[in-house]
Amino acid sequence: MATFLYKLGRLSFRRRRYVALLWVLLLGGIGYASSAAPAPPADSFSMPGTDSQKAFDLLDERFPAASAEGATARVVIRAPEGEKITDPAAKAEVDQLVAALGKGAQVAGVADPYKANAVSKDGTTAYASVTYKVISTELTDKTHDALTDATDKTRAEGFTVETGGDAVQAEQEMGGSAELIGIAVSAVVLVITFGSLIAAGLPLLTAIIGVGIGVSGIAALGSVLNLSGTTSTLAMMIGLAVGIDYALFIVSRYRAEIAEGREPEEAAGRATGTAGSAVVFAGLTVIVALAGLSVVNIPMLTKMGLAAAATVAIAVLIALTMIPALLGFAGKRALRRKDRKNLKSRADSKDSKDRGLTKPGATHSTTAAEKTKPNLGTRWARLVLRRPVTVLLIGVLGLGAVAVPATSLELGLPDEGTSAPDTTQRKAYDLLSESFGAGFNGPLMVTVDTGGTKDAAAAAKTVGTSLAKVDGVAAVTPASVNPAGDTAIITVVPTTGPSDHRTEELVKTIRSEASGLEADTESDVLVTGQTAMTIDFSQTLDDALLPYLGLVVGLAFLLLMLVFRSVLVPLKAALGFLLSVAAALGAVVAVFQWGWLADVVGVDQPGPIMSMMPIFMIGVVFGLAMDYEVFLVTRMREAYVHGARPAEAVVTGFKHGGRVVGAAAVIMISVFSGFIMENDDMIKMMGFGLAIAVFFDAFVVRMAIVPAVLALLGRSAWWLPRWLDKLLPNMDVEGEKLHKSLTPASSPAAEDEHEDRDNDEDRELQPVRG
């Protein structure tokens, strides 16, 4: 692996113009294809195999008009204080509103509240249902303006008018600036880390190109593969973060190789061969975790996971080819100006020494002075090695405490009841709950299918009479029968709201009684509706959680065994991940469910956690956590394979990788944190969860718990049974074969290099052993 990537890096360096041009042309071609492609389809939920999906598919087949996918709006009107909505003057005003709502090319129809029995019992409130010919994403600004103008006119007459439904245009506070914030913060971190604008610009440039190709590809294939606009959100999040990180590690290794006196082409090859190997396996763990979302059997999650995995694969390819090519253009300018001067001074000093012009001891004293200044990563590793038990206990107990709120996790899907209190959607939701009952916002649809016979009306009447007697049912509407007479729809209004656990129990009760009703009526009885689909969605995710966790962790465990050739290191990595993701879920519950720091994060209405959040975080965070594990521990493994003692290997890993891993974590946190400022509740929660998870995993687990555990394990950390060692292929991730091929063991240079490295590590580790 390392040897192949070394050759690839040198080839990309030499053919840099062709490589750079190839990626730019690819970006332009896919960008053009995306601009010419049809608009992506709207978001849709489907859960194959569930009762609610079977019922939904049945309605789509038997009631095509009723199950049309056009956008809808529900306009709620309340009469002024002391008046009734049924008064002649109020009725005339509502009639004008209904007429105004019916105008417009995209309106399919408006249900008159007085004819549709949509007036509250107290006579104060009514609602009009508006249906459109197109989906919500295809509604024009003119249509949105017509809806707003009609409601504003009625509101000006003293009526309370609020609107809900997917046809209502959501207020956008930021309008997609999240990625720009992440890029801006990343640029600052990269400049501080590298001290060079050129070096800082390379990861940003390649990450933007990679994300551009990935997102444009999703848009180009959207209509063909049925990829909605939301599919690209996760791809953009992950692609931008890992794209910067992967390039960061290779550029950092290149600078280290240049600082050791190697020529740029050789440095690019070695950086790609060593750090590039870590990039490949880190990328594979992320791809496995994201692609593994397919096992959940929810098409939306599958598409999001596969699209994001493809974007990660692009980020890996760009890091392995375009970064060496761009380094060919940058050369030694990727170093700080100070480092370039020091490099030139050392070269001049060496040249003078070769000619016998340097005073004895001058070069040695300078080098010794430099070696007496260990960096922050070295100092931190030494501290952990001196107190491994203390660090381990503080890290584990601290994350355990943060994870406690996760025991109170309540799952659900966001609806208009969780919108901000000052939005018209939330106000409409509350008006309907007050006037028609809490369950009115989450009605259940019960389908009665007689299997081809024409007695659906009689069967539905029997089912409706029985369901009306069930506890928790507020009302049962008369059945609607399709033209063929073989299928009927019954609407059941619960007494409780859609997110109430008692509504979930009601759904279970109805389904448990369905078997008896099916026998009595010789029909199939199924429950669907938004509330039932939400319940089934949560149950599907719960059932898939353990199989998904086993699949992802198992495959990644095998990958890490190939990387580290160890049993305990991958085990420690997996356990550390579970600890960090539990703590992250605890933080999400504390903020979004309990409301802690809600104002700081911008949570308008605390409520249940999005159903997909646990499995989503497990997949994404596991892949990202293994990134840091691979980058940090691979450098330790490299030092250990090349002869360093276990404690020395830990310090070497932090000396060369600690600062870079820290910078990579800060970059990833900044990218995810930018999405917290979005107005979409789902994206806000995803951004916060991923940002806090990366913080816990990078700075607590990988930076503290990992070195503490490795210090306690010693050589046992790198133990691998002989039979397994022979069975596993040697991928040479640490570059041992590459090192031997480039520096033959018999050469004096190799002996001097090995001796210098041992002396350096002995000198640095003296305080640890002392």
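Arginine 382 is buried, with a relative accessible area of 10%, where buried means under 20% relative accessible area, exposed over 50% and partly exposed in between, for a 1.4 Å probe and protein chains only. This residue has its place in helix H14, residues 376–386; helices (H or I, at least four residues) and strands (E, at least two) are DSSP runs numbered from the N terminus. Phenylalanine 654 is 272 residues from arginine 382 in sequence, yet the two are 9.5 Å apart in space, C-alpha to C-alpha.

The model is predicted, so that local features need pLDDT of at least 70 and side-chain atom pairs count only at pLDDT 80 or more, while totals for chains, interfaces and linings use all residues. Residues are numbered from 1 along each chain as its sequence is written, and side-chain values use heavy atoms, with hydrogens and water left out.

The chain as a whole comes next. The chain holds 27 helices and eleven strands. Of its 770 residues, 53% are buried. The chain exposes about 33700 Å², of which carbon and sulfur atoms supply 59%; accessible areas come from the Shrake-Rupley method with a 1.4 Å probe, and for residues only the protein chains shown count as cover. Among contacts between residues at least 6 apart in sequence, 80% join residues at least 24 apart, contact meaning heavy atoms within 4.5 Å.

Individual helices can now be considered. Helix H7 comprises residues 197–220 and has 24 residues. From its first C-alpha to its last, H7 reaches 34 Å, close to the 34 Å expected at 1.5 Å a residue; the expected span of a helix is 1.5 Å times one less than its number of residues. H7 is mostly covered, as 17 of its 24 residues are buried.

Helix H9, residues 231–259, contains alanine 247. Alanine 247 is buried, with a relative accessible area of 1%. Apart from neighbours within four places in sequence, alanine 247 is in contact with Pro203, Thr206, Ala319 and Ile323. Alanine 275 is 28 residues away from alanine 247 in sequence and 9.6 Å away in space, C-alpha to C-alpha.

Serine 232 also lies in helix H9. Serine 232 is buried, at a relative accessible area of 14%, and, leaving aside neighbours within four places in sequence, it is in contact with Val215 and Ile218. Threonine 233 is likewise in helix H9 and counts as buried at 14% relative accessibility. Between threonine 233 and methionine 304 there are 71 residues of separation in sequence and 8.2 Å in space, C-alpha to C-alpha.

Helix H16 spans residues 424–436, and its end C-alpha atoms are 18 Å apart, which agrees with the 18 Å that its 13 residues should span at 1.5 Å a residue. Its buried residues are Gln425, Arg426, Ala428, Tyr429, Leu431, Leu432, Ser433 and Ser435. These buried residues pack against strand S1 (72–78), strand S3 (125–132) and strand S4 (160–164). After H16 comes glycine 437, with a positive phi near 105°.

A pair of helices follows. Helix H17 (residues 456–467) and helix H18 (residues 501–521) pack at an angle of about 145°, and their axes are 10 Å apart. Axes are lines fitted to C-alpha atoms, for helices over the stretch in contact, and angles run from 0 to 180 degrees between N-to-C directions. On the H17 side, Ala459, Thr462, Val463, Ser466 and Leu467 meet Ile510, Glu513, Leu517 and Thr521 in H18. The residues of this contact divide into five nonpolar, three polar and one charged; Ala, Val, Leu, Ile, Met, Phe, Trp, Tyr, Cys and Pro count as nonpolar, Asp, Glu, Lys and Arg as charged, and the others, Gly among them, as polar.

Glutamate 522 is found in the loop between H18 and strand S10 (524–528). Its phi is near 55°, a positive value in a residue other than glycine. Glutamate 522 is exposed, with a relative accessible area of 69%.

Another loop, between helix H10 (264–291) and helix H11 (299–330), holds asparagine 297. Asparagine 297 has a positive phi of about 65° although it is not a glycine. At 43% relative accessibility, asparagine 297 counts as partly exposed.
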